[in-house]
Amino acid sequence: QVQLVESGGGLMQPGGSLRLSCVVSGSSFSLNAMGWYRQAPGKERELVTSITSGGPANYADSVKGRFTISRDSAKNTVYLQMNSLRPEDTAVYYCNANVRLRIWNTDRSYWGQGTQVTVSS
């Protein structure tokens, strides 16, 4: 099975920075794409940013210029660098990975458990 574990969330004052990490573990798979989503209370889960192998990163308009997604393929880890944090960034952040299961030659998405980011005013 494939598992995703996020870390790095917490409380930060406006204007501060946090870096979220997502470690993907398992076997017999390859990564197609990874992304970060977030969900605030009473709101739908939304895509923050995503990347594909060899492709450009996509960002929600609300985070462009402030957040950066990166990936360390050797460590099966994806990061979300969050700068210039704002109170409206407060949400539970979820890591998502779309993988190719080599044995079955099928694609499947997996989610992390989520990590809380709170930006206080």
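Reader: What links Tyr37, Tyr94 and Trp111 into a cluster?
Author: Ring pairs link these three residues into one cluster, where rings of Phe, Tyr and Trp (its six-membered ring) count as a pair if their centres lie within 6.5 Å, with planes under 30 degrees apart called stacked, over 60 edge-to-face and the rest tilted. By this rule the count comes to two aromatic pairs. This is a predicted model, in which local features need pLDDT of at least 70 and side-chain atom pairs count only at pLDDT 80 or more, while totals for chains, interfaces and linings use all residues. Residues are numbered from 1 along each chain as its sequence is written, and side-chain values use heavy atoms, with hydrogens and water left out.

Reader: Why is the pair of Tyr94 and Trp111 called edge-to-face?
Author: The ring centres of Tyr94 and Trp111 are 6.5 Å apart and their planes stand at 85°, so the pair is edge-to-face. Because Tyr94 lies in strand E9 and Trp111 in strand E10 (residues 106-111), the pair ties together parts that are 17 residues apart in sequence; strands here are DSSP runs of E with at least two residues, numbered from the N terminus.

Reader: Why is Tyr94 called buried, and why is Trp111 called partly exposed?
Author: Buried means under 20% relative accessible area, exposed over 50%, and partly exposed in between (1.4 Å probe, protein chains only). Tyr94 has 14%, so this residue is buried, whereas Trp111 has 39% and is therefore partly exposed.

Reader: How do you know that the charged end of Arg45 sits over the ring of Tyr94?
Author: The rule asks that NZ of Lys or CZ of Arg be within 6 Å of the ring centre and within 35 degrees of the ring normal. The charged end of Arg45 is 3.8 Å from the centre of the Tyr94 ring, and it also sits over the ring of Trp111, at 4.7 Å from that centre.

Reader: What makes the link of Cys22 and Cys95 a disulfide?
Author: The two sulfur atoms are 2.1 Å apart, and a disulfide is a pair of cysteine sulfur atoms within 2.5 Å. Cys22 lies in strand E3 and Cys95 in strand E9 (residues 91-101), so the pair ties together parts that are 73 residues apart in sequence. Both cysteines are buried.

Terms used. Helix = DSSP H or I, 4+ residues; strand = E, 2+ residues; numbered from the N terminus.
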